[in-house]
Amino acid sequence: MTESDGRRIRGQRRRRQLIDAALTVLARDGLAGLTHRAVATEAGVPLASATYHFTGIDDLALSAVLEATAAFVGSIEDRSGGSGIPAYAAALARELSEHRGRVIAGYELYLLAARRPALREAATAWLRAGTDTLLADVDPLRRRAFLAAVDSVCLKALLTDPVPDTAEVEALLVHALR
């Protein structure tokens with residue numbers, strides 16, 4: 001390994017560390033609380049490090065939210081595995097209880113995409129996670145109802161305790177497809 005490879009690897013680790021810290025700040029404080037200073041403090045690194053690795057706060061916010069979206073999509077797809085609504089409902093319930101911050105980050109991306117049309121595809125990707133196979137034979141209106149139910153379950157879970165269990169999520173999703 002050359003010296004520049006070592007620096008590149010350290011740079012990638014630091015960038016990853018800053019993205020993780022940004023996700024923590026986003027989950028706790030929302031987009032309004034996301035600053036280079038808050039992220040650097042959360043990551044335990046100098047402020048200059050946060051400003052070096054990201055061209056601006058929008059770049060940091062977008063990187064963090066896209067990372068959270070990719071993780072959410074991967075998690076739902078891995079856990080639901082095309083095994084029908086029961087598996088999807090279980091995966092969604094687990095995601096809501098174990099990774100609340102990722103769900104919050106997805107909604108933060110929604111809000112950011114409202115102002116930036118180029119982000120809209122990424123913003124809706126996490127909501128559709130794992131549904132392509134699941135809804136392959138479902139008509140467009142029922143598909144929209146299902147996705148609206150998923151959106152509703154997620155928003156309600158963020159606003160209330162306790163998080164819905166698998167049975168409740170499954171019942172709502174089945175009802176949406178009727």
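The following legends describe an overall view and several close-up views of a predicted model. In this predicted model, local features need pLDDT of at least 70 and side-chain atom pairs count only at pLDDT 80 or more, while totals for chains, interfaces and linings use all residues. Residues are numbered from 1 along each chain as its sequence is written, and side-chain values use heavy atoms, with hydrogens and water left out.

**Figure 1. The chain is built from ten helices and zero strands.** Helices (H or I, at least four residues) and strands (E, at least two) are DSSP runs, numbered from the N terminus. The order of elements from the N terminus on is α-α-α-α-α-α-α-α-α-α. Along the principal axes, the C-alpha atoms occupy a box of roughly 60 × 35 × 30 Å. The chain has 178 residues, of which 42% are buried; buried means under 20% relative accessible area, exposed over 50%, and partly exposed in between (1.4 Å probe, protein chains only). Of the contacts (heavy atoms within 4.5 Å) with a separation of 6 or more, 60% are between residues 24 or more positions apart.

**Figure 2. Helix α5 meets helix α9.** Two packed helices are described by the angle between their axes and the distance between the axes. Helix α5 covers residues 85-98 and helix α9 covers residues 140-159; their axes come within 10 Å and cross at roughly 30°. Axes are lines fitted to C-alpha atoms, for helices over the stretch in contact, and angles run from 0 to 180 degrees between N-to-C directions. The helices α5 and α9 are therefore roughly parallel to each other (angles under 35 degrees count as roughly parallel, over 145 as roughly antiparallel, 65 to 115 as roughly perpendicular and the rest as oblique). On the side of α5, the contact is made by I85, Y88, L92 and L96, and on the side of α9 by F146, V150, V153, C154 and A157. These residues divide into nine nonpolar, no polar and no charged. Ala, Val, Leu, Ile, Met, Phe, Trp, Tyr, Cys and Pro count as nonpolar, Asp, Glu, Lys and Arg as charged, and the others, Gly among them, as polar.

**Figure 3. A salt bridge joins E67 and R16.** Side chains of opposite charge can pair when their charged atoms come close. A salt bridge is a side-chain nitrogen of Lys or Arg within 4 Å of a carboxyl oxygen of Asp or Glu, and the whole structure has five. Between E67 and R16, the N to O distance is 3.1 Å. The pair links distant parts of the chain, with E67 in helix α4 (residues 57-80) and R16 in helix α1 (residues 3-29), 51 residues apart. E67 is partly exposed at 30% relative accessibility.

**Figure 4. R28 forms a salt bridge with E42.** The closest N and O atoms of R28 and E42 are 2.9 Å apart. R28 belongs to helix α1 and E42 to helix α2 (residues 36-43), and 14 residues separate them. R28 is partly exposed, with a relative accessible area of 49%, and E42 is partly exposed at 35%.

**Figure 5. The side chains of D139 and R142 meet in a salt bridge.** The N to O distance is 2.9 Å. D139 is partly exposed, with a relative accessible area of 31%, as is R142, at 36%.

**Figure 6. P86 lies in helix α5.** With a relative accessible area of 43%, P86 is partly exposed. P86 touches T166 and E170, not counting residues up to four places away in sequence. The C-alpha atoms of P86 and P162 are separated by 20 Å, and these residues are 76 residues apart along the chain.
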